[in-house]
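Dear colleague,

I am passing on the structure we spoke about, with notes on what was found in it. Please keep it open beside you as you read.

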Amino acid sequence: MNIQQKLSILADSAKYDAACTSSGVTRNRNGSGTGNGAGSGTGNGAGSTLASGICHSFSSDGRCISLLKILMTNICCFDCKYCVNRSSNDVERAFFTPMEIAELTMNFYRRNYIEGLFLSSAVLKNPDYTMELMVETIRMLRFDYRFAGYIHAKSIPGADPGLVRQLGELTDRMSANIELPSKESLAKLAPQKNYPSILSSMAVIQNGIQNRGQLPSPVPVRSNVSSGRSFVPAGQSTQMVIGATPENDRHIMTLAEDLYRSFHLKRIFYSAYIPVTSHPDLLPVTVPPLLREHRLYQADWLLRFYGFTARELLDDSHPDLDIRMDPKCDWALRHLDRFPVEINTVPYEVLLRIPGIGVRSAQKIVRSRREGLLDFEHLRKLGVVMKRAVFFITCKGRKSPGTVENAELLRSCLLKESDTRLVSLSTFGHSQGEMKPRQLSMFESSPENTIWLPGREDRQKCLTGEM
Amino acid sequence: MPDRRNVNPDIPAFRILDENSSFIYLYDGSFEGLLTCAARSLKFKSPPWDILPGNTWQPDFFHSPVQVAPSAETAGRFSAWLQRRMGMDALVKTYYAFISGRPGVERMLCEYLETGISAGRRIDDMLSREEVHRIEMLAMNVTREYHKHLGFIRFAMLKNRDLLYARIKPANHILPLLAPHFIDRLPGQPWIIYDEGRMLSILSDGYRWFLNDQIPDGIPILKDDEKTWQELWKAFYRNIGIAERENQKLMQSLMPKRYWKNMIELQM
Ligand code: SF4
């Protein structure tokens, strides 16, 4: 098999990982592990990583391509029922040697096709063996090829914590995929994987991040490239498949909230289940629930950047996101008693809760209103989506003429405004059956009230932009 | 339109242009040149009617032209002063808006600077004012195009000294913005980026760079294995898209067709 065939197979198998994988870290010039190949004397190590992710291309499905996203191999001894590469499935198998991966990465990087590598793998022989090969590959790239660009590696479930640490020493980002939204679903569909071991990998990574620089590095000869390289400087992320199993949105968002809080994840990726295989334990999905995925990303944003909690967005009487409109509009319609609010006086936190006002426009409003009272016309200039916002605001004490007060009428106005193009996407696999949201016992929570700002990386997955 | 002269009543209004003036400044089209004109107008308190690039100026009966030669020293001092006065962000926006090359950008910039000089750092917050908003928009447009190019540029390796070569056709003059990024990215690697529209190229030895307006002669000859890497990249691109999620419209809105010509994965 030649390298082109291998690449076709192993890129094809990797594509279902939703992580859009832009770099979220700056480390060039004076940072550690620099593009100047610290210690290499001639200073010709390749690589810089820009703070905001760079998209080098967009795939036919509109996703950002910034990394060479491949599996090291798709030869797998596990049998996860939702996966094309499961051992019981008859597909063509391939395997990359460390050197082949290093050559591909370097040559693609140099030509500006990619920003770096996203290496994942099926389980070859056993988790430790696979992880050792991955470590070997990335070590070769870092030390022999002096590659200082971005590397995201997936931790193999069930691998030894020592190997997880080693990989973390060499990469910019790691992810341990939670795979499915509940322990029960995972046990059913991926019998060789289990929640505790995935969560413990996450904890190992989280631990490494917290103790950056305090522990002696297990990786020898590292002064060669990147003395003082930080432990996964771009943080960790995870992914779960949605729509293959019966968990409702409330369960998923509560889990997401716990994960963000416990492991300080940079991102959670939600991946609408794409039926690559059928099985009695899988929900009979024929079309990927893309719109539901989209709403989950929007709700995820509301948690991270808009100061919402999962409990506010979803509760017993309202266990699923309304797929017809964005979750903020939906929330606002259920809390009409809090509106309208006066644009010129309400605090930032309240601005963020107004439909049609995003993080950026909220910031602009706060800044501009110091220079004089704002009017509807000004808001439009600041990027507020007036079609939505007008119903919920006053400017200098006045409502915009022609707004509706009646709740039902308002809902239908907003529904009409909500993107009808999106509604045409089918949405199967919505909640069927009840599952109680529960705390995962090993999460210790650390309350965080900071409101974070979305970076370019975040924007790439939330393509409709401001809510 | 709001009165843009008295932004800050405590500070006398600064005027770079004056509607009643009987002359105009002609400059060489460089940013330095424009700053020199603006600095001079402020210094001598005799504002021209407008500042225009010498090569596009059409004589009229009402304004007599005054040629202003660019002065690196004046421009340098003036920009340092501007930076102290209105902050780095506003100065960067000034430069970005300038390289948009929009006709009439000189007038827009002068109005922006007039406000900036009296308002100081607050100018970044004055988005509801027309002259500020206009420049913010132009600068944002340039930033976007620049950022897109960081990803969309495709180098090919040439036979000659493993030189990397890329062609682009940006709407704005972004070449000078691109250079530092690629030097950081590939230290020690020589490369050329050629702007087809402006017929300008930027050359780097991997450490320093300069702009070059010589039209390169001859067709660049690719290195022997270059085609192999291009084919591998195309294979990767074909396989990474998910058919069930196919969304050409979205893809094209993120990567407009005007860029495709120089991106090998989009050549069938
Ligand atoms: S471990 Fe499971 S999900 Fe991963 S490749 Fe193997 S079968 Fe697929």
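B:Leu164 stands opposite B:Trp191 in β6(B), at a place where strand β5 (residues 164-168) of chain B and strand β6 (residues 191-195) of chain B pair in the parallel sense over five bridges. Strands here are DSSP runs of E of at least two residues, and helices are runs of H or I of at least four residues, numbered from the N terminus; two strands count as paired if DSSP finds at least two bridges between them. Both strands belong to an open sheet of five strands in the order β4-β5-β6-β7-β8 (chain B), with mixed pairing, and its edge strands, β4 (156-157) and β8 (209-212) of chain B, each pair on one side only.

Please bear in mind that this is a predicted model, in which local features need pLDDT of at least 70 and side-chain atom pairs count only at pLDDT 80 or more, whereas totals for chains, interfaces and linings use all residues. Residues are numbered from 1 along each chain as its sequence is written, chains are lettered from A and ligands numbered from 1 in the order in which they are written, and side-chain values use heavy atoms, with hydrogens and water left out.

Around the ligand, with a heavy atom within 4 Å of it, are residues including A:Cys76, A:Cys83, A:Arg86 and A:Lys193.

The second largest pocket holds about 450 Å³ of space, and of its 23 lining residues B:Tyr27, B:Gly29, B:Phe98, B:Gly101 and B:Glu106 lie nearest its centre. The largest share of that lining, three residues, comes from α3(B).

Finally, there is one disulfide over all chains, a disulfide being a pair of cysteine sulfur atoms within 2.5 Å; it joins A:Cys55 to A:Cys64, with 2.2 Å from S to S.

With best wishes

How values were computed
1 Å grid on protein atoms, 1.4 Å probe; cavity = no way out; pocket = protein on both sides within 12 Å on 5 of 7 lines; lining within 4 Å. Points joined across faces, edges and corners; volume = space filled by probe spheres on them.
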